[in-house]
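Please examine the structure shown below together with its sequence. The paragraphs that follow lead from the surface to a pocket, and then to salt bridges and backbone angles.

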Amino acid sequence: MTGSLRWRLAAVTVVAGAFQMAVPFLSLRAGRSLSDVIIVVLAGIAAARFGRRIGVERGRRRAAVTVAAISTALWAVADALLLVNEIHPAPLASTAGAALSVVAALLLPVGMHLSSPPMRVAEGLRGLLDVAAVSGAVLALTWMYVLEPARGAVDGIFSSGYTAALIAPEIIAVAVALVMMSRHLPEASGDGPRLLGSAAVVLAVAALLGLRNQVVGDPWYTWGGGAGFVLAAGLVMLAGGARAPESAPAGTHRHFAGRWVILPYVPILLAVVTTAAELLRDDTLPAPVVWVLLVTFTLILARQFMTVAIVGRLAITLERQQAELTYQAHHDALTGLHNRAAFNDLGRRMIETAGGGAVLLLDLDGFKPVNDRLGHAAGDDVLVTVAGRLTGAVRPGDLVVRLGGDEFALVLAEPATADTARQVGARVLAAVAEPVETHGERVAVGGSIGLATGAHPLGELLRRADIAMYDAKAAGKGTIRSYRADAATTLPAA
């Protein structure tokens, strides 16, 4: 949230607080009329702001600002009708205003949903379970503090069905708003959806407080009921000026990341605490509350089971991907042999463990003409065939590596004497020299091997094998040469 938005939010909160402090000193008609005027102005500004953005936004964002514009416009009209009723009693205007207020409250979380990035199927199913569980918790709280007291109301509010018709949309609006705000929205551009969600929650709570006050005979503004409507209107006005959230890929992180993730659990925790307090006070709970809580906790368990299943599947997928990445990091993509990184790692450990060893460096003879005449695909076939023959010619535990191009290296496991290394090298040369079928032709390649042994580090053994390999090529190719200290000075420059 930007600094300027924080200041505007603070100003809206101050206005709502000032109204709450002033309204006890006003008459009932004056207090409600002032509330209606403030809401008409703020909701009207919000409707105008959202309306201007309809022509600018595209796709899902356009749908979001359209719904928000309709919601805030309906809210402004609703309070204008309620203001008319305050000035001159008009039951029809009052009824229409109340109905439009409910519709506007329901549309706010819809607009928030549309302004958020789309969800995948699993994410959407978890969201529905969350909404149902939060709705159950809010219903339990409402039943204890609104519906249960309304049973004894002399004016028959509860029996008329008015209460049920009013609280159902408000409860759903609170649940949807809290669940949507719990998603991991971009910090820099998620202020609009969060403000709309906050407005939906504040508006619903204010409506339920107003109903509770009416039931128990308290003034309509008690417990912040007056400030709630003004604050909600201010929040939607601020949301109208906030920029649309940036696109974000749908994914599980939106349900597991971010500081807002605990929001849906707040009403659930409140329901647990308040029911425990009621049990300690009266040693009993209304039967509907018990059933609502049972259903709520069943939904929470179902949600957690789904989460465990998703996390388990993600863990398996991650483990598989890590294994694949590890394999790719240490193996040649074409031949499947170990690559240079594996040579440096595994070969070094083999040499260090044995206190020395043998390295054979093989460079193919006659490979370039095959590659040039038949093409790179034929050359790749030859390399793959040679790789398979190399693995068949070495002993178990020996390391076969493609260093790059047509160059291969072998690190021999113990025992790795010079005689043993020559025997392995002879088998390798014999296997490589066999003809290869590729692209309808039989081609032949050979190899030259340089051999280095001794109690030296891997890098030194490879350097010596490289010198010996050029010595083998200079000797006529198709042969094996061991490292000679004077070979580096007698060979022609590469």
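V37 counts as partly exposed because its relative accessibility is 39%, where buried means under 20% relative accessible area, exposed means over 50%, and partly exposed lies in between (1.4 Å probe, protein chains only). This residue lies in helix α2 (residues 28–54); helices (H or I, at least four residues) and strands (E, at least two) are DSSP runs, numbered from the N terminus.

The model is predicted: local features need pLDDT of at least 70 and side-chain atom pairs count only at pLDDT 80 or more, whereas totals for chains, interfaces and linings use all residues. Residues are numbered from 1 along each chain as its sequence is written, and side-chain values use heavy atoms, with hydrogens and water left out.

The second largest pocket has a volume of about 440 Å³. Its lining comprises 16 residues, of which V138, L141, T142, V205 and L208 lie nearest the centre. Helices α5 (121–150), α6 (162–182), α7 (191–216) and α10 (265–282) are the elements that each give two or more residues to this lining. By residue class, the lining divides into 14 nonpolar, one polar and one charged. Here Ala, Val, Leu, Ile, Met, Phe, Trp, Tyr, Cys and Pro count as nonpolar, Asp, Glu, Lys and Arg as charged, and the others, Gly among them, as polar. A pocket is an open set of points on a 1 Å grid over the protein atoms alone, where a 1.4 Å probe fits, with protein on both sides within 12 Å along at least five of seven lines; lining residues have an atom within 4 Å of a point. Grid points are joined across faces, edges and corners, and the volume is the space filled by probe spheres set on the points.

Helix α6 also holds P169, which is buried at a relative accessible area of 13%. The C-alpha atoms of P169 and A105 are separated by 7.7 Å, although the two residues are 64 apart along the chain.

The whole structure contains 19 salt bridges, each a side-chain nitrogen of Lys or Arg within 4 Å of a carboxyl oxygen of Asp or Glu. One of them joins R212 to D218 (2.7 Å, N to O), and D218 is partly exposed at 29% relative accessibility. Another pairs E352 with R348 (3.3 Å, N to O); both lie in helix α12 (residues 340–354), four residues apart, about one turn of the helix. E352 is exposed at 53%, whereas R348 is partly exposed at 35%. In a further salt bridge, the closest N and O atoms of R373 and E441 are 3.1 Å apart. This pair links distant parts of the chain, with R373 in helix α13 (residues 367–374) and E441 in strand β5 (residues 441–443), 68 residues apart.

Backbone angles complete the tour. Most residues other than glycine have a negative phi. W223, in the loop between α7 and α8 (225–241), has a positive phi near 60° and is exposed at 63%. K477, in the loop between α16 (458–474) and β7 (480–482), has a positive phi near 65°.
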